[in-house]
Amino acid sequence: MENKIREDKVYSGCAIAAIMDRRKKRFSSDRIVESITSMKPRSNGLGGGFAGYGIYPEHKENYALHIFANDQKAELELREYLDRYFEIIEERPFRVNRGVSLDNEPELLRFFVQPAVSEIKSSSYSNTLAEEDYIFKRIMEINSQLDGVFVVSSGKDMGIFKGLGYPGEVAQFYRLEEYSGYLWTSHGRFPTNTAGWWAGAHPFGLLGRSVVHNGEISSYGTNSRYVEIFDYKCSMATDTEVIAYLLDLLIRRQGISEQIACQALAAPLWDKIARLDEPEKKLLKKLRIIYPDVLLNGPFSIIVADNDGLAVLNDRIKLRPMVIAEKGARFYAASEESAIRAVEPNPDKVEFPAGGMPVIEKVEAGEMVWQQVN
């Protein structure tokens with residue numbers, strides 16, 4: 001899976017987009033494909049991908065593993081590992097469109113699994129959090145210890161489809177038109193610092209949470225060293241991977257809210273904090289003191305999705321674009337307003353979230369939740 005296109009630094013663009021139905025009404029992937037494809041000039045064919053939620057209702061209690069393997073030797077080693085640590089409920093090969101040729105295609109594997117019964121009985125994996133910790137540990141082992149194997153998607157009733165190409169090509173390759181879900185995110189990649197390769201394309205996912213990202217995280221070293229303290233292995237060497245791990249650590253493992261996690265990642269500047277009312281000032285000062293190593297420096301806009309909804313977040317100075325909109329029960333987010341209007345010409349509302357202001361939207365919820373820091 002080496003990048004044969006180029007190893008040079010490539011200057012930027014990137015496009016991200018999301019569409020969610022608050023009622024959890026499933027809809028075709030056609031909408032998200034059309035939205036991200038309208039921003040094709042922001043990409044360069046070095047990566048594209050999609051995350052869909054609600055796409056595996058027949059397996060909603062099982063973990064859906066999407067895995068890339070470099071070759072058959074790597075695949076054989078993977079199968080031995082899976083047989084040892086998982087109960088494989090179903091292996092379902094990807095139905096792909098061979099008429100679409102993407103560079104450096106790896107072996108593509110998909111399994112629906114549960115933790116092995118013997119492992120559960122012999123350990124403390126007896127509740128949901130502990131079960132997720134078990135899956136987390138296995139994924140870190142596979143990605144860091146098995147040569148040429150990468151788990152790129154590992155949630156329930158969701159899946160990540162990505163590759164080395166433009167988003168539209170990736171959608172055609174995976175026959176994405178055959179999938180329906182209630183929440184879709186997408187990314188067109190224009191890598192700034194790392195090579196374009198299959199596992200390095202967006203979205204990045206761990207368990208049910210996925211991230212698409214436009215921008216560049218200059219604090220990657222600090223952030224990656226911090227998550228590695230907690231046994232995360234940054235195997236794919238991109239800043240988006242470390243964002244996904246930071247969010248998993250803060251929200252799933254440490255149990256803090258998405259709002260607080262976003263405020264830790266895009267913390268307000270000290271002079272802004274000084275102007276706030278005392279309770280909020282006290283909270284944000286504590287966050288900056290407790291979590292200095294999760295602060296993301298550099299320009300970024302991200303969309304974070306999970307089975308319950310999504311969060312949209314810009315860097316605190318808003319150096320990357322982000323637009324949100326809604327129409328009835330549908331919520332939209334994209335790098336460009338035109339990408340929203342390409343699929344919803346008459347939205348009820350269009351907004352441009354300020355830097356460092358998370359917008360958190362839940363399925364089967366009411367209005368958007370805003371957290372403004374002036």
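Mentor: Two strands count as paired if DSSP finds at least two bridges between them. Strands (E, at least two residues) and helices (H or I, at least four) are DSSP runs, numbered from the N terminus. This is a predicted model, in which local features need pLDDT of at least 70, side-chain atom pairs count only at pLDDT 80 or more, and totals for chains, interfaces and linings use all residues. Residues are numbered from 1 along each chain as its sequence is written, and side-chain values use heavy atoms, leaving out hydrogens and water.

Trainee: How many bridges join β1 and β16, and in which sense do the strands pair?

Mentor: Residues 15-21 (β1) and 330-334 (β16) are joined by five bridges, in the antiparallel sense.

Trainee: What is the strand order of the open sheet?

Mentor: Its seven strands run β8-β3-β10-β1-β16-β15-β17, with antiparallel pairing. The edges are β8 (158-163) and β17 (349-351), each pairing on one side only.

Trainee: Which residue does UniProt list for "active site", and where does that residue lie?

Mentor: UniProt positions are given in the numbering used here, with shortened feature names, and annotations may be inferred rather than shown by experiment. The unreviewed entry lists Cys-14, which lies in the segment before β1.

Trainee: Is Cys-14 buried or exposed?

Mentor: Buried means under 20% relative accessible area, exposed over 50%, and partly exposed in between (1.4 Å probe, protein chains only). Cys-14 has 7%, so it is buried. Its contacts (heavy atoms within 4.5 Å), not counting residues up to four places away in sequence, include Arg-42, His-187, His-213 and Ser-335.
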